[in-house]
Amino acid sequence: MNESGNPQDNSDQGHENQRRGFLVKFAAAAFGGLAGAIPAFFAGGFFLTPLINKRGKDKESDGFLFVGSLSNLSPGGMPQAFKITGTKKDAWTTFAEAALGSVYVHMGPGGELTAFNATCTHLGCKVDYKPETDVYLCPCHDSSFSLDGERNNEIPPRPMDSLEVEVREEDEIWVKFENYRAGTSKKIPV
Ligand code: FES
């Protein structure tokens, strides 16, 4: 019983004390968790930084992929083949460093770059550059393409698939890689 002599007042006082105790414990737990989370956040940020930077540097941002050094090419020289790896997805799985295809990059006499997907537009075989004849040869049906990608016979339904290419950081060749449907005269991305 309290000073007022009312038992109801005692009961109210007890509930109030219980409520305050609960609030104090809750606040302590919340601040304790926050104090632990802050260093954990910065530690996580430290470990994640290389991944974030890598994603920012690769082509996923604008579709371009780094394929190799410009020093591999010379004005009027032979085209060079570069393998393309990158993220590949199917209905269920994402493959981080999967083989996506390959490209040929050529530097013209004036230093201009051209790039072609190395997949034949007929049925999808891989074409090979042949220095002895200076053409891209498809061995599957004995077809060939000139250095500008044009067909030397009518078996392939369209020229080689040209790709956007540019130089970054003075010495880096970047290509906007894309695969296209084979067997059609239209250039349709797949
Ligand atoms: S697959 Fe290249 S010519 Fe047929």
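Which residues does A115 touch, not counting residues up to four places away in sequence? The legends below take up this question and others on a predicted model.

**View 1. Contacts of A115 in the predicted model.**

**View 2. The largest nonpolar core.** This core has 23 residues. Those with the most contacts inside it are V67, V103, V105, A115 and V175. Strands β1 (64-69), β2, β3 and β4 (113-117) each supply at least two residues of the core. So do β6, β8 (162-168) and β9 (172-176). In soluble globular proteins, nonpolar side chains tend to be buried together.

**View 3. The hairpin of β2 and β3.** Strand β2 covers residues 80-89, and strand β3 covers residues 94-107. The two pair in the antiparallel sense, over nine bridges. Four residues lie between the strands. K89 stands opposite T94 in β3.

**View 4. The open sheet β5-β6-β7.** Three strands make up this sheet, and their pairing is antiparallel. β5 (128-130) and β7 (143-145) stand at the edges. Each has a single partner strand, so one side of each is left without a neighbour in the sheet. From one strand to the next, the twist averages 40 degrees.

**View 5. Pairing of β5 with β6.** Three bridges join β5 to strand β6 (residues 135-138). The two strands run antiparallel. Y129 has Y136 in β6 as its bridge partner.

Conventions: Residues are numbered from 1 along each chain as its sequence is written. This is a predicted model: local features need pLDDT of at least 70, side-chain atom pairs count only at pLDDT 80 or more; totals for chains, interfaces and linings use all residues. Two strands pair if DSSP finds at least two bridges between them. Axes are lines fitted to C-alpha atoms, for helices over the stretch in contact, and angles run from 0 to 180 degrees between N-to-C directions. A nonpolar core is a set of buried Ala, Val, Leu, Ile, Met, Phe, Trp, Tyr and Cys residues joined through C-beta atoms within 7 Å. A residue is buried if 20 or more other C-beta atoms lie within 10 Å of its own, exposed if 12 or fewer, and partly exposed in between; C-beta atoms are placed from the backbone. Two residues are in contact if their C-beta atoms, placed from the backbone, lie within 7 Å.
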